[in-house]
Amino acid sequence: MSRIINRPVEVTIGPDGVPRAFRDRGRFVRISHVLDHWLETGRWWEQEPERETYRVVTAAGGVYELTREIPNGRWFLYKSYD
């Protein structure tokens with residue numbers, strides 16, 4: 001089961017360009033590894049930006065999707081998995 005969250009977060013990127021941690025509502029969350037990574041074009045006909053998405057596992061064992069809007073670099077905690 002998953003839940004859409006879609007709120008802005010601060011993301012720490014490693015030297016390889018991959019997310020290493022994120023800060024959500026004042027809580028620092030360390031990422032242990034990336035499960036998947038992909039690009040989405042969005043609904044370009046509605047001016048949605050292209051997004052880069054990472055499905056990650058946190059050090060505490062949570063699974064989340066982080067998305068970055070390509071044009072402006074803003075990050076979002078998009079989804080959590082139970």
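This is a predicted model: local features need pLDDT of at least 70, side-chain atom pairs count only at pLDDT 80 or more; totals for chains, interfaces and linings use all residues.
Visitor: What makes the strands a sheet, and in which order do they stand?

Guide: There are 7 strands in an open sheet, ordered β1-β7-β6-β5-β4-β3-β2, and the pairing is antiparallel. On average, neighbouring strands are turned by 30° against each other, direction ignored.

Visitor: Why are β1 and β2 said to stand at the edges?

Guide: Each of them, β1 (2-8) and β2 (10-13), has a single partner strand, so one side of each has no neighbour in the sheet.

Visitor: How do you know that β6 and β7 pair?

Guide: Two strands pair if at least two bridges are found between them. Strand β6 (residues 63-69) and strand β7 (residues 75-81) have 6 bridges in the antiparallel sense, so by that cut-off they pair. Among the partners, Thr 67 is bridged to Phe 76, and Arg 68 to Trp 75. The two strands form a hairpin with 5 residues between them, and Gly 73 in the turn has a positive phi of about 80°.

Visitor: Why is β7 called largely enclosed?

Guide: Of the 7 residues of β7, 5 are buried, so the rest of the structure largely encloses this strand.

Visitor: Why is the pair Arg 7 and Asp 24 called a salt bridge?

Guide: The cut-off is a side-chain nitrogen of Lys or Arg within 4 Å of a carboxyl oxygen of Asp or Glu. For Arg 7 and Asp 24, the closest N and O atoms are 2.8 Å apart, so the pair qualifies.

Visitor: How many salt bridges does the structure hold?

Guide: There are 8. One of them joins Asp 16 to Arg 20, with the closest N and O atoms 2.5 Å apart; Arg 20, at 37% relative accessibility, is partly exposed. In another, Glu 69 and Arg 74 have their closest N and O atoms 3.0 Å apart. Glu 69 is buried at 6%, while Arg 74 is partly exposed at 46%. Salt bridges that share partners also join Arg 43, Glu 46 and Glu 48 into one network.

Visitor: Why is Lys 79 said to have no salt bridge?

Guide: The nearest side chain of opposite charge, Glu 65, is 4.3 Å away from the buried Lys 79, and the cut-off is 4 Å, so no salt bridge is counted. Lys 79 lies in strand β7. Beyond its neighbours within four places in sequence, its contacts are Ser 2, Arg 3, Ile 4, Ile 5, Val 63, Tyr 64 and Glu 65.

Visitor: How do you know that Thr 53 is buried?

Guide: Its relative accessibility is 1%, so Thr 53 counts as buried, the cut-off being under 20%. Thr 53 is in strand β5. Leaving aside neighbours within four places in sequence, it touches residues including Trp 38, Glu 65 and Leu 66.

Visitor: Which residues have the most contacts inside the largest nonpolar core?

Guide: They are Val 9, Phe 22, Val 56, Leu 66, Trp 75 and Leu 77, in a core of 13 residues. At least two core residues come from each of β4 (27-40), β5 (51-58), β6 and β7. Not counting residues up to four places away in sequence, Leu 77 touches Val 9, Phe 22 and Leu 66, among others.

Methods. Residues are numbered from 1 along each chain as its sequence is written. Side-chain values use heavy atoms; hydrogens and water are left out. Helices (H or I, at least four residues) and strands (E, at least two) are DSSP runs, numbered from the N terminus. Axes are lines fitted to C-alpha atoms, for helices over the stretch in contact, and angles run from 0 to 180 degrees between N-to-C directions. Buried means under 20% relative accessible area, exposed over 50%, partly exposed in between (1.4 Å probe, protein chains only). Lys and Arg count as positive and Asp and Glu as negative; His and the chain ends are not counted. Contact means heavy atoms within 4.5 Å. A nonpolar core is a set of buried Ala, Val, Leu, Ile, Met, Phe, Trp, Tyr and Cys residues joined through side-chain atoms within 4.5 Å.
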